[in-house]
Amino acid sequence: MDILKVLENRYSTKQFDQSKKLDKGQLQVIEQLLQKSPSSTNIQPWHFLITTTDEGKKRVAKGAQDFYAFNESKILNASAVIVFATQIDPTRMHLEDVLNQEASDGRFIQAETKEQTRAVRELFANMHKLDHKDYQHWAEKQVYLNLGQFLLGVATLGLDAIAMEGVNLKVIDEEFSLRDKGFTTSVVVAVGYHEKHDFNKNLPKSRLPITKVIEYVDGE
Ligand SMILES: Cc1cc2nc3c(=O)[nH]c(=O)nc-3n(C[C@H](O)[C@H](O)[C@H](O)COP(=O)(O)O)c2cc1C
């Protein structure tokens, strides 16, 4: 696979072909992309809702009405829609779940490593929660890292996608009782195949020049 070609070809799809579905294998890779993203201290402060049904998409599209109506058809016509939700609070149970998972995955060769890992993760989680008072902001950075990996990952599968911040986050939270589960919506991603008249497909990619955004530095 040529990563440069993938980077060039991926684009934000504005019109999806609603007749195309994802197969089980593609959905399984999508699950893996979401699950395997790195996050600071491996805290994994996220939850994902995936829908491939018309009914499920309609529920997500309740968050794309009125001011956000420009995103409605993308949600309704895509093959799969994923709600990326961020953890509101680093609960003790979540921290234990992560630690126990690492233990059962064989991460702790020496017994004391488990306690060290617990201490480091709690230190960072509590620092953000209590000292900086920005746990949710920090957690959302991890979710956006997952998002970046996800957008590139689905492009490697030959799928089209678009990330959408233009949704009513509160409406989606309420529709799926996300806050009751300890999460809040950050961004919605639609995945599928572009419709052949999608105006955005053939527009040239536009980015600021490398010479403007990247600077090599040395010891001088
Ligand atoms: C976090 C994020 C949120 C975005 N939200 C929307 C959105 O709500 N609606 C939309 O049409 N495009 C949305 N976009 C698409 C961007 O406008 C697009 O990524 C950018 O213009 C670069 O173009 P490209 O993705 O085609 O390379 C979003 C992109 C990102 C990364």
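This is a predicted model: local features need pLDDT of at least 70, side-chain atom pairs count only at pLDDT 80 or more; totals for chains, interfaces and linings use all residues.
1. Residues are numbered from 1 along each chain as its sequence is written.

2. The axes of helix α5 (residues 92-104) and helix α6 (residues 111-131) come within 11 Å and cross at roughly 150°, the axes being lines fitted to C-alpha atoms over the stretch in contact and the angles running from 0 to 180 degrees between N-to-C directions. α5 is therefore roughly antiparallel to α6, a term for angles over 145 degrees.

3. To the contact (C-beta atoms, placed from the backbone, within 7 Å), α5 brings L95, L99, E102 and A103, and α6 brings K114, T117, R118, R121, E122 and A125. By class, this contact of α5 with α6 has 4 nonpolar, 1 polar and 5 charged residues, where Ala, Val, Leu, Ile, Met, Phe, Trp, Tyr, Cys and Pro count as nonpolar, Asp, Glu, Lys and Arg as charged, and the others, Gly among them, as polar.

4. Around the ligand lie Y11, S12, K14, N71, I162, A163, M164, E165, G166, V187 and K205, each with its C-beta atom, placed from the backbone, within 6 Å of the molecule. Strand β3 (residues 160-164) gives the most to this shell, with 3 residues.

Definitions and conventions
Helices (H or I, at least four residues) and strands (E, at least two) are DSSP runs, numbered from the N terminus. Angles under 35 degrees count as roughly parallel, over 145 as roughly antiparallel, 65 to 115 as roughly perpendicular and the rest as oblique. Two residues are in contact if their C-beta atoms, placed from the backbone, lie within 7 Å.
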